Amino acid sequence: MTAKVIDGKVFAASVRAQVQEHVAKLKADHGIQPGLAVVLVGEDPASKVYVKNKHASTIEVGMASFEHRLPADTSEADLLALVKSLNADPKVHAILVQLPLPAHLNSELIINTIDPAKDVDGFHISNVGLLGTGQKSMVPCTPLGCLMMLRDHHGSLAGLNAVVVGRSNIVGKPMAQLLLGDSCTVTIAHSRTKDLAAVCRGADILVAAVGRPEMLTGDYVKPGATVIDVGINRIERDGKAKLVGDVHYESAAAVAGAITPVPGGVGPMTIACLLANALTACCRANGLPEPKGLTA
């Protein structure tokens, strides 16, 4: 068996196009432009690249982009004051504070100061609770992107056995909640699960978000299963830097029915879903229908 490749770049381009169309319609019909504010504290190289890409993508789909770049020694009081000012700004419908923050700043305090309705990352404790109880919330971008790809590939997910390997607050736990919401039977496994390979082999849908390069091999995959690889790990192979997932791609692809590659799978969906979330937040703030197919 050779797995179908689920192309995240192509799917993300489709999502961005849908967002762009909705944004143009909001402007034309209601005179509203969704606004996304991104806050970057410090000079973390990876974070600077992410913020640059988010800014470019925001402008590309016709949204207003508000960037706030602060020095690494910014005080907690000053950062909280900025977040509160963005909460009160009617032009800003979505707020993202780029993580990680410098060590002297309390990330949980900062994130939980964001207005939950503008919390485009879905990390605020109120959104975590709403998602966990099956209510309308802002949903973390990476799990939302995984769900969109699974729905596109399978149609209905009802009754399928899903195993999520990883229990992080950012991916593993919200991914499990989203799959439950689509009527999957869900198991959350992790690096300490006994006989992890046997647990994974029971999955029709296997989501790998454990943070260990190529940990899950083809022996972990049920024949014909759909494998979603969230992992992004930098390793050195044959003297060259290489990006790999949490799944050993070649062996898993020989068994699976469908699989996401790394790079080019889940990764491109994260920024696309950030834009979708910003659009959703804008629609909700203005009492307008949410865009179909772009929310959980």
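Helix 1 (residues 8-30) and helix 6 (residues 141-154) pack at about 100 degrees, and their axes are 11 Å apart. Angles of 65 to 115 degrees count as roughly perpendicular, so helix 1 is roughly perpendicular to helix 6. On the helix 1 side, G8, F11 and V15 do the touching, and they meet M148, M149 and D152 in helix 6. Bear in mind while looking at all this that the model is predicted.

Now for another helix pair. Helix 2 (residues 45-60) packs against helix 10 (residues 267-285) at an angle of about 50 degrees, with 10 Å between the axes. That angle makes helix 2 oblique to helix 10. The crossing of helix 2 past helix 10 is right-handed. If you want to pick out the contact on screen, look for N53, K54, S57 and T58 on helix 2, and for I271, L274 and L275 on helix 10.

Here are the two pairs in one place:

| Helix pair | Angle between axes | Distance between axes |
|---|---|---|
| Helix 1 and helix 6 | about 100 degrees | 11 Å |
| Helix 2 and helix 10 | about 50 degrees | 10 Å |

While you're on helix 2, have a look at I59, which also lies in that helix. I59 is partly exposed, with a relative accessible area of 45%. Between I59 and C141 there are 18 Å in space, C-alpha to C-alpha, and the two are 82 residues apart in sequence.

What about the cysteines? How many disulfides does a search of the whole structure find? The count is 0. A pair of cysteine sulfurs has to be within 2.5 Å to count as a disulfide. For C184, the closest cysteine sulfur is that of C146, and at 13 Å it is too far for a bond. C283 is in no disulfide either: its nearest cysteine sulfur belongs to C282 and sits 5.6 Å away.

Is C184 buried or exposed? C184 is buried, because its relative accessible area is 6% and the cut-off for buried is under 20%. C283 is buried too, with a relative accessible area of 4%.

Finally, the record. An unreviewed UniProt entry annotates residues 140-284 as "domain: Tetrahydrofolate dehydrogenase/cyclohydrolase NAD(P)-binding". Over residues 140-284 the chain is 36% helix and 21% strand.

Notes
Residues numbered from 1 in each chain as written. Predicted model: local features only at pLDDT ≥ 70, side-chain atom pairs only at ≥ 80, totals over all residues. Heavy atoms only, no water. UniProt positions renumbered as here; feature names shortened; annotations may be inferred. Helix = DSSP H or I, 4+ residues; strand = E, 2+ residues; numbered from the N terminus. Buried < 20%, exposed > 50% of the residue type's maximum accessible area, 1.4 Å probe, protein only. Axes fitted to C-alpha atoms, helices over the stretch in contact; angles between N-to-C directions. Parallel < 35°, antiparallel > 145°, perpendicular 65-115°, else oblique. Left-handed = near helix turned anticlockwise from the far one by under 90°. Contact = heavy atoms within 4.5 Å.
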